[in-house]
Amino acid sequence: MDDKGIRLLIRGTCYEEIEKSEVLLLDSEELKSLVDQRKKEIVEEFLKKMDKTGIINTAIGISKKRNEIPSLWTPSFLGKSYYGGVAGVIEDRLTISLKKDPDDENEMAETDDSISFSVRLQIRTRFDQENNYFLATLLLRDKIKLNDNMVLSDEEDLYDYMLLFWYKNKLLEAYEKGYYKAYRRFLANDDKLKGNIDFSRHIKLNVGQMNGKIAYSYRENTVNNFLNHMIVYAYEYLKKKYPDLVELNIDNDRELKDIIEGLKCEIGFEPVDSKSLIKENNRVISHPYYLEYEDLREICIKILRDEGISIWDAENEQTKSILFYVPDLWELYLEDKIREYGEIGADLFSQGKTPENDVEIKVFGKWDSDKKRYIYKQSTYPDFVFFDLKANKQPYLILDAKFKKGWKDALEKGAISDLNDYDKCIRDMNSLNAHATGVVFPLNKSSESGDEDIFTDDHIVHSISKYNTQDVFYTFPVVIPAENINGDIKVYSDWRREFESSVSNTINVINKKAICEKEYGREVKKIFEAFPKRKG
């Protein structure tokens with residue numbers, strides 16, 4: 001069978017079951033039965049292949065504190081597999097072996113050994129079922145500003161911003177092959193003849209001049225080609241349009257900045273007409289060594305044409321494979337917002353930092369007889385640690401940003417679906433001798449979550465156990481507004497206003513609890529100072 005053009009579109013949701021994926025065959029009705037029967041297998045085989053390629057390493061948002069790169073998915077021994085915390089679009093080919101099953105009604109299975117598909121996997125967050133408001137807000141964080149004129153009033157403005165992140169990601173991928181080289185025809189007029197003499201131009205420029213020059217043309221395989229000019233021009237265009245975003249995401253990244261500056265030196269870049277560059281770069285890059293530059297070419301053309309792009313438009317967009325690790329983006333967003341909030345913002349130290357140490361928190365000490373003190377070698381990385389800077393820099397509250405939807409059950413039913421997250425919070429609280437810990441997580445807006453009584457102590461304050469009633473565990477939800485109202489899609493400015501109001505409500509509650517915990521920590525410290533230190 002000719003498998004050219006057989007395309008599969010897979011739609012999934014991060015942290016949801018693989019079995020709930022929507023798999024659409026875009027080209028061939030005759031294979032529909034086969035795809036429907038083996039949907040789960042196809043999705044899992046594709047995820048296995050993508051995990052092996054290491055594509056997750058390119059995900060935007062993965063923090064440097066991680067010892068391991070997260071997986072795209074999590075197989076389960078209970079028969080259910082789940083997507084990981086990655087959202088975005090991935091594209092590649094996948095070959096599926098066909099079993100020759102006499103009971104199989106699909107005739108293809110009896111005649112073909114395998115079939116190859118072009119697969120495009122689209123993974124959303126559970127808050128982005130129609131648009132990308134939630135993900136884009138996390139990704140751009142405080143870089144999107146709503147002014148009195150309601151700038152960024154709809155999703156098209158967001159798609160425009162997303163181009164910068166596609167450009168950045170694809171430039172890094174393409175540069176792994178070095179600078180792009182291509183043949184280009186040059187015109188010259190000097191005494192260093194190479195190539196073909198251009199007689200008409202020579203007569204026009206040099207006859208009667210007695211200057212010893214010859215007008216000629218030549219072809220050269222060079223970095224100084226139209227694609228590289230367009231790459232630099234796209235950068236300059238973005239920098240002029242979004243100076244703050246470019247400075248933060250490209251100019252402050254040494255590797256990216258070196259690539260751009262090196263390219264400028266190679267080509268002697270001067271501003272040119274964008275229409276001419278687009279015309280010169282209309283041809284698809286088919287050279288097998290430089291295939292990564294094809295995605296970059298498409299993005300640059302979109303930038304110069306002032307076109308927006310949606311990471312979700314998987315059927316129409318040709319840009320391939322860009323990923324975002326949502327849990328870390330969620331953590332960074334919350335950190336920005338908490339830091340803006342008065343006293344607790346000043347007390348906040350994130351990602352393992354302490355007032356004395358900006359690297360990491362060490363735990364599990366071993367006594368060193370020579371140094372007469374404990375040596376701590378094991379690192380731990382709580383997301384948010386609040387230190388009482390006025391009382392011996394004592395930690396009083398440990399919080400982790402969580403994105404898995406299982407924390408909704410903890411809030412509503414008092415049950416924990418993932419004890420690992422809970423255990424880490426308790427471990428960090430004990431290690432830092434604090435007396436309160438907890439999680440901050442997003443929650444779908446629903447009648448169950450209510451919103452008016454969601455922050456009562458009955459909901460958010462939890463006892464550790466009947467043997468430990470002194471310490472507490474908090475579950476702080478952030479209610480995420482729906483993208484639509486009565487079936488109509490909200491404009492982004494309205495959604496964003498609701499979202500930021502919800503975030504503010506949560507941080508206000510965190511602030512109130514943090515103040516109480518700070519005072520409690522000071523009282524406990526007075527009591528324990530009377531006890532002798534344990535010597536082992």
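Reader: Where do I start? Is F134 buried or exposed?

Author: F134 counts as buried, at 1% relative accessibility. This is a predicted model.

Reader: Which ring does F134 pair with, and how are the two planes set?

Author: F134 pairs with F127. The ring centres are 4.8 Å apart and the planes meet at 55°.

Reader: How many aromatic pairs does the structure hold?

Author: There are 21 aromatic pairs. Ring pairs also link residues into a cluster, and F127 and F134 belong to it along with Y15, Y133, W330, Y333, F403, W495 and F499.

Reader: What lies over the face of F403?

Author: R126 does, at 4.8 Å from the ring centre. Another such case is K177, which lies over the face of Y289 at 4.9 Å from the ring centre.

Reader: Back to ring pairs. How are W407 and F473 arranged?

Author: W407 and F473 form a stacked pair, with 5.9 Å from centre to centre and 10° between the planes. The pair links distant parts of the chain. W407 is in helix 14, residues 407-412, while F473 is in strand 18, residues 468-480, and the two are 66 residues apart.

Reader: Are those two buried or exposed?

Author: W407 is buried, with a relative accessible area of 4%. F473 is buried as well, at 2%.

Reader: Zooming out, what is the chain made of?

Author: The chain has 17 helices and 20 strands. It has 536 residues, and 50% of them count as buried. Its accessible surface comes to about 28,400 Å², with 48% of that belonging to carbon and sulfur atoms.

Reader: What share of the contacts comes from residues 24 or more positions apart?

Author: Such residues account for 70% of the contacts in the chain with a separation of 6 or more.

Reader: How many residues are in the largest nonpolar core?

Author: The largest nonpolar core has 138 residues. Those with the most contacts inside it are L72, F117, F134 and Y167. In soluble globular proteins, nonpolar side chains tend to be buried together.

Reader: What is L72 in contact with?

Author: Leaving aside neighbours within four places in sequence, L72 is in contact with L47, M50, D51, I55, I56, Y83, G84, V86, I90 and L323.

Reader: Changing topic: in what order do the strands of the open sheet come?

Author: The open sheet has 3 strands in the order 7-9-8, with antiparallel pairing. Strand 7 (182-190) and strand 8 (196-197) are the edge strands, each pairing on one side only.

Reader: How many bridges join strand 7 to strand 9?

Author: 9 bridges join strand 7 to strand 9, residues 214-222, and the two run antiparallel.

Reader: Last one. Where is E22?

Author: E22 is in strand 2, residues 22-25. E22 is partly exposed, with a relative accessible area of 38%.

Reader: Which residues does E22 touch?

Author: Not counting residues up to four places away in sequence, E22 touches L9, I10 and R11. E22 and I10 are 12 residues apart in sequence, and 5.6 Å apart in space from C-alpha to C-alpha.

Conventions: Residues are numbered from 1 along each chain as its sequence is written. This is a predicted model: local features need pLDDT of at least 70, side-chain atom pairs count only at pLDDT 80 or more; totals for chains, interfaces and linings use all residues. Side-chain values use heavy atoms; hydrogens and water are left out. Helices (H or I, at least four residues) and strands (E, at least two) are DSSP runs, numbered from the N terminus. Buried means under 20% relative accessible area, exposed over 50%, partly exposed in between (1.4 Å probe, protein chains only). Contact means heavy atoms within 4.5 Å. Accessible areas come from the Shrake-Rupley method with a 1.4 Å probe; for residues, only the protein chains shown count as cover. A nonpolar core is a set of buried Ala, Val, Leu, Ile, Met, Phe, Trp, Tyr and Cys residues joined through side-chain atoms within 4.5 Å. Rings of Phe, Tyr and Trp (its six-membered ring) pair if their centres lie within 6.5 Å; planes under 30 degrees apart count as stacked, over 60 as edge-to-face and the rest as tilted. A charge sits over a ring if NZ of Lys or CZ of Arg is within 6 Å of the ring centre and within 35 degrees of the ring normal. Two strands pair if DSSP finds at least two bridges between them.
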